[in-house]
Amino acid sequence: GPDLERVYLYDLDITADGRRRIVVKKSNFSAIKNMGDVNMRHAGRYGLALPYIRPGSRILDFPCGSGLALEVFSDLARFGSFFYEGWDSDEPTIIYAREIYGKGRPWVRFDVRDLANFELNPGTFDTICCIEGIEHIDPNSQVKACAQFARGLASRGTLIVSSPSPETESSNPNPQNPFHVWELTKSDLLELLGRNFGPENVELISQKN
């Protein structure tokens, strides 16, 4: 079934590529337990990126989901242009993001990419956001993804990663959420990031529901 953590703020009914009908209903915050909380938490995490976005900044949002980041970032365009790329493995969600957030915005681009298997060109992005994504891939893929994030960041660039802490004392799959393949404890997340960026360059901020 669909990942219930995906947040859709608008309805959409289009024919994509002249052949496929894509129908999306906006998330029903009252019908899904904690859905409104999921929305606010995701928006709050994207807010952490705002101090690092400047005119001319190149931003990667991976996984981008339905494009919620643009709800947070769009007002920044008043202060100067920046370039945003959103990647996600779910093609219908990318089609939704293009229709809702990409049209009429030449500084926005969405593509289908797999967080478990991708490569970045060196120094491509000034800010990379991986919001509630790293737990969706296995430990080996997490290591590879973080190495690519380090490779893809420009000098003095910033990576912002958010991930839920498991309720246990060790990193593990979440038995209540099949989409969370490997949830990381705080210490394991810090070790994973420190391996590529140096422990002195990693800062941890905790967020409570």
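**Close-ups of a predicted model**

**View 1. Tyr 84 sits in strand β4.** This is a predicted model, and here we zoom in on a residue with 0% relative accessibility, so Tyr 84 counts as buried. Setting aside neighbours within four places in sequence, look for its contacts with Ile 59, Asp 61, Cys 64, Ala 69, Leu 70 and Phe 73, and also with Trp 107, Val 108, Arg 109 and Phe 110. Phe 73 is 11 residues away from Tyr 84 along the chain, and the two C-alpha atoms are 9.2 Å apart.

**View 2. Helix α3 (residues 91–102) and what covers it.** Which residues of α3 are buried? They are Thr 93, Ile 94, Ile 95, Tyr 96 and Ala 97, plus Tyr 101 and Gly 102. Their cover includes the strands β1 (12–16), β2 (20–24), β4 (83–88) and β5 (108–112), along with helix α2 (69–73). Just past the end of α3 comes Gly 104, with a positive phi of about 75 degrees.

**View 3. Helices α4 (residues 139–152) and α5 (residues 186–197) pack together.** Packed helix pairs get described by an angle and a distance between axes. For α4 and α5 the angle is about 40 degrees and the axes lie 9 Å apart. The two helices are therefore oblique to each other, and α4 makes a right-handed crossing with α5. On the α4 side, the residues that meet α5 are Gln 142, Val 143, Cys 146, Ala 147, Phe 149 and Ala 150. On the α5 side, their partners are Leu 192, Leu 193, Arg 195, Asn 196 and Phe 197. Sorted by class, this contact has 8 nonpolar, 2 polar and 1 charged residues.

**View 4. A look at α5 by itself, end to end.** How does the span of α5 compare with what its 12 residues should give? At 1.5 Å a residue they should span 16 Å, and the end C-alpha atoms are 16 Å apart, which agrees. Leu 189, Leu 192, Leu 193 and Gly 194 are the buried residues of α5. Among the elements covering them are α4 and strand β7 (153–162). After α5 comes Gly 198, which has a positive phi near 90 degrees.

**View 5. Gln 148, a residue of helix α4.** Is Gln 148 buried or exposed? With a relative accessible area of 15%, Gln 148 is buried. Once neighbours within four places in sequence are left out, its contacts are Phe 118, Glu 119 and Leu 120.

View 6. As a rule, most peptide bonds are trans and most residues other than glycine have a negative phi. Pro 63 belongs to the loop between β3 (58–61) and α2. Glu 132 is in the loop between β6 (125–131) and α4, and at 8% relative accessibility it counts as buried. Arg 156 is part of strand β7, and a relative accessible area of 83% makes Arg 156 exposed.

Methods:
Residues numbered from 1 in each chain as written. Predicted model: local features only at pLDDT ≥ 70, side-chain atom pairs only at ≥ 80, totals over all residues. Heavy atoms only, no water. Axes fitted to C-alpha atoms, helices over the stretch in contact; angles between N-to-C directions. Helix = DSSP H or I, 4+ residues; strand = E, 2+ residues; numbered from the N terminus. Parallel < 35°, antiparallel > 145°, perpendicular 65-115°, else oblique. Left-handed = near helix turned anticlockwise from the far one by under 90°. Contact = heavy atoms within 4.5 Å. Nonpolar A, V, L, I, M, F, W, Y, C, P; charged D, E, K, R; others polar. Expected span 1.5 Å × (residues − 1). Buried < 20%, exposed > 50% of the residue type's maximum accessible area, 1.4 Å probe, protein only.
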